[in-house]
Amino acid sequence: MSHEHHGHDHHHGHDQHGHDLVHDGVEGTWADPEADDPLSVSRRAFLASAAVVAGAAAGLGSAVAGVGRGVASASGGGDRTANPWSGRSLFLAGDHHIHTQFSPDAQYEVETQAAQARQFGLDWIVITDHGGTAHQKFSIDQITPKIEESRRRHRDLLIFQGLEWNIPGAEHATVFLPPGRSTVDILRAFEAGYDGGVLADQGKISGATAGDGEPFALEALKYLDNQVRNRRTEIALMFANHPSRQGIDSPHEIRNWRDAAPSVAVGMEGAPGHQAAGIPLTAGGPGRARGYYDRAPGANSFPAYPAESYRTHGGFDWMTATVGGLWDSLLAEGLPWWVTSTSDSHQVFGDTRTPGTQDHATTGSRGTPVDTGAPITSYGDFWPGQYGSTLVASRSRDYVDVMKGLQSGQVVAVHGRLIDGLDLRVRGSRRGDERGATLGGRTWVQRGGDVEVAITVQLAGGPNASGAVPRLAKVDLISGPVTGPAGDRDVFSAPQTTVVETFQVSPRDRRTATFRHTFRNVQQSFYVRLRGSDGNQLDAQGNPLIDVVADADPWQDLWFYANPVFVDVVR
Amino acid sequence: MTARWWAGAPGPDVVPDAHLLAAVDWALAGSGAAAELVCTHVDRSAATPRTGVALRLTGTPAAPEATREALARVLGGPVLTAGSGSAPGPAQVALREARSGAAGRCVRFPGQAAVPGQVRAGDLVESTAIEEVVGLTGPVDADAVIDTAGFLRPQWAGGRLTLLVERAAGGVFQPFEVEFPHECCGGAH
């Protein structure tokens with residue numbers, strides 16, 4: 001109960017006072033800048049929790065309970081607004097999942113990825129090489145100066161240092177921090193203490209994805225949370241990557257991550273990378289599965305996931321692409337969980353380079369890539385920003401602001417430049433919060449009042465990287481009731497969530513398309529979210545199709561998914 | 001009569017398909033019986049899932065006890081036969097699931113060796129132990145072509161040995177489980 005109120009209060013304060021408030025509740029006793037030993041920090045976590053409880057009782061809980069916990073309550077407790085609508089969103093396009101020569105299965109220089117990202121119009125990127133023993137020991141120290149060098153070279157590109165964490169017991173995840181004095185130390189300690197590959201190498205868990213790793217994943221997220229609480233970093237974020245690829249991110253694991261560190265574990269890839277992998281052989285492509293989603297269930301898979309969950313749907317992960325599916329089951333709890341779109345760029349379709357000859361296991365790097373001079377068509381990835389991007393509404397072009405935008409869910413996941421921006425305003429138009437909230441936010445209405453959803457889509461203002469100007473065909477308004485915490489932590493459906501209205505984009509709409517929907521006489525807290533499509537590949541219900549293995553041209557099947565707004569019904 | 005269903009709990013080294021089949025065949029060599037059906041099963045009763053294996057033999061080995069011991073040795077754990085013996089959870093699960101056809105993934109099954117690369121769904125059902133071909137997105141005609149790529153891992157479901165297939169390029173279907181899915185990170189994690 002109490003943490004719901006923290007969320008409200010904090011969000012409110014966060015928007016008005018910046019990050020200063022974050023520190024108020026954690027003054028003093030246990031902040032220790034020298035603490036790199038995860039175990040020692042982990043012990044202090046006990047104190048941190050105690051401080052939160054005490055703070056909450058004293059009314060200080062808002063400051064420490066976590067930014068971004070924009071909690072909508074089933075019972076309709078608060079009447080505060082999170083992510084208040086302003087109508088002036090600055091969207092910055094980015095990608096939180098990019099590999100370099102410091103991953104054993106990738107090849108490019110940091111600078112190559114940065115330059116490509118810039119060329120494809122990105123404003124921010126995260127370098128996320130695979131965690132593991134060699135990476136932790138040898139790679140980190142080599143990556144850091146490369147990133148710093150590229151930052152100097154690209155003043156208009158924010159380059160975050162991160163990690164693709166092997167979540168113990170589960171899939172991979174992006175973990176990243178803003179640049180700061182302790183950033184590298186925190187990443188290094190985190191990887192040493194909590195990477196699934198490292199733990200498996202040390203025999204502490206029976207395998208990187210085996211179930212006995214689950215408690216380590218929660219410790220890991222609390223460790224990051226503690227680095228924020230003790231002010232070693234202003235913010236730290238985790239996004240679960242390719243969550244459905246092997247069926248090993250079970251619903252309860254996702255809920256546990258979210259609840260262990262709500263201000264750190266904030267979402268997942270709505271769409272995985274590797275989007276070129278499904279281009280058919282006959283079209284000169286790799287002829288694999290889109291997203292490299294070509295697995296069948298294994299021993300560590302969650303047995304209840306259906307077969308179709310192992311494939312992409314219109315390029316998006318099944319958890320996100322299913323109306324009333326796993327993502328909706330999380331949102332129906334009234335809790336934040338955001339979706340993104342990334343490149344997972346390792347080896348780019350049509351590029352001419354192969355990995356360098358250095359031994360990654362002993363040096364932490366593949367070395368300098370080798371240019372063969374001939375395009376390689378078996379590669380299944382795009383450059384950062386070439387196909388997928390994550391649009392973030394940010395207060396400024398600043399590392400922490402971009403992360404706060406991500407943390408607060410002001411995010412749209414887009415493929416192939418289907419849209420350039422989105423102004424979503426959800427407000428209590430009768431007997432409610434008249435200003436309303438935007439993406440990732442929450443607003444309120446009195447029971448029996450009306451809620452108006454106003455949507456302005458900024459249509460693609462030019463060609464995407466395929467050379468064509470994409471054309472948005474429709475926008476679905478999706479909504480479901482907020483029913484409170486899931487009784488069964490492994491539930492992955494929200495049967496009451498449906499498409500409530502589909503808006504067709506008129507051929508006359510040039511730069512923008514606007515739509516409106518009003519929920520009248522609202523009786524129950526709910527949420528709304530949007531998705532849109534180029535209309536090329538739809539089933540009879542307007543849903544995306546399961547991508548056909550080796551026959552999925554990504555440019556002919558474009559979608560966007562926007563993050564939700566929660567509406568609290570009060571009194 | 002000694003039961004034809006045997007089951008064990010293979011150690012991690014023996015779990016991969018090729019290792020499992022090699023181990024089973026080695027243990028049964030010269031015994032007078034062979035394993036015509038080899039299925040893997042997952043015991044989820046512990047925090048970490050464990051794999052069990054069930055075998056259906058072509059007949060009774062000449063020296064059942066010696067054969068059982070040989071099999072136990074290569075699998076790295078006791079072997080259960082229907083109606084006798086005790087063994088860890090994964091073996092029990094394997095035996096139960098395989099005999100009832102409730103679940104399990106068949107690494108070897110009768111008729112498997114004779115399947116060509118491309119085969120009609122109807123022919124697959126006629127010529128092998130597979131009883132049903134099911135499509136990921138709907139029914140599969142008997143005339144539909146399955147591109148097996150020489151790799152089939154049908155599963156038990158509701159007492160029937162079922163092959164799940166999905167659409168692939170060129171108007172054919174392919175098995176949902178393929179031999180070489182994309183390996184991320186070199187397959188390390």
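Let's start at one residue: Arg231(A) has a relative accessibility of 40%, so it counts as partly exposed, since the partly exposed class runs between under 20% for buried and over 50% for exposed. Keep in mind that this is a predicted model. Arg231(A) sits in the loop that links α9 (214-229) to β6 (237-240) in chain A. Its backbone deserves a look too: phi is near 70°, which is a positive value in a residue that isn't glycine. For context, most residues other than glycine have a negative phi.

Arg520(A) lies between β17 (512-519) and β18 (526-533) of chain A. Is Arg520(A) buried or exposed? With 59% relative accessibility, Arg520(A) counts as exposed. Leaving aside residues up to four places away in sequence, Arg520(A) touches Gly449(A) and Asp450(A). If you'd like a sense of distance, take Gly213(A), which is 307 residues from Arg520(A) along the chain: the two C-alpha atoms are 47 Å apart.

Now zoom out to chain A as a whole. It has 14 helices and 20 strands. Of its 571 residues, 65% are buried. If you take the contacts between residues at least 6 apart in sequence, 78% of them join residues at least 24 apart.

The one to pick up next is α10, residues 251-260: seven of its 10 residues are buried, so the helix is largely enclosed by the rest of the structure. The buried set is Pro251(A), Glu253(A), Ile254(A), Arg255(A), Trp257(A), Arg258(A) and Ala260(A). What covers them? The cover includes α9, β6, β7, α11 and α12 (326-331) of chain A.

After the helix comes Gly121(A), with a positive phi near 85°.

Among those neighbours, α6(A) gives us a helix pair to examine. Two packed helices are described by the angle between their axes and the distance between the axes. For α5(A) and α6(A), the angle is about 35° and the axes are 9 Å apart. The crossing is right-handed. On the α5(A) side, Val110(A), Glu111(A) and Ala114(A) make the contact, and on the α6(A) side Lys146(A), Ile147(A), Ser150(A) and Arg153(A) do. By class, that is three nonpolar residues, one polar and three charged.

Helix α1 (residues 17-28) and helix α2 (residues 64-75) of chain B pack at about 155°, with 8 Å between their axes. Angles over 145 degrees count as roughly antiparallel, and α1(B) and α2(B) are therefore roughly antiparallel to each other. Here, too, the crossing is right-handed. From α1(B), the contact takes in Leu20(B), Ala23(B), Val24(B), Trp26(B), Ala27(B) and Leu28(B); from α2(B), it takes in Thr67(B), Ala70(B), Leu71(B), Val74(B) and Leu75(B). In this contact, 10 residues are nonpolar, one is polar and none is charged.

To finish, step back to chain B overall. Its secondary structure comes to four helices and 11 strands. The C-alpha trace spans about 50 × 40 × 30 Å along its principal axes. A compact globule of 189 residues would have a radius of gyration near 16 Å, and the 17 Å of chain B agrees with that. Of those 189 residues, 49% count as buried. Among the contacts in chain B with a separation of 6 or more, 66% come from residues 24 or more positions apart.

Key:
Residues are numbered from 1 along each chain as its sequence is written. Chains are lettered from A and ligands numbered from 1 in the order in which they are written. This is a predicted model: local features need pLDDT of at least 70, side-chain atom pairs count only at pLDDT 80 or more; totals for chains, interfaces and linings use all residues. Side-chain values use heavy atoms; hydrogens and water are left out. Axes are lines fitted to C-alpha atoms, for helices over the stretch in contact, and angles run from 0 to 180 degrees between N-to-C directions. Helices (H or I, at least four residues) and strands (E, at least two) are DSSP runs, numbered from the N terminus. Angles under 35 degrees count as roughly parallel, over 145 as roughly antiparallel, 65 to 115 as roughly perpendicular and the rest as oblique. A crossing is left-handed if the near helix is turned anticlockwise from the far one by less than a right angle, and right-handed if clockwise. Contact means heavy atoms within 4.5 Å. Ala, Val, Leu, Ile, Met, Phe, Trp, Tyr, Cys and Pro count as nonpolar, Asp, Glu, Lys and Arg as charged, and the others, Gly among them, as polar. The radius of gyration is taken over C-alpha atoms; the globule rule is 2.2 Å times the number of residues to the power 0.38. Buried means under 20% relative accessible area, exposed over 50%, partly exposed in between (1.4 Å probe, protein chains only).
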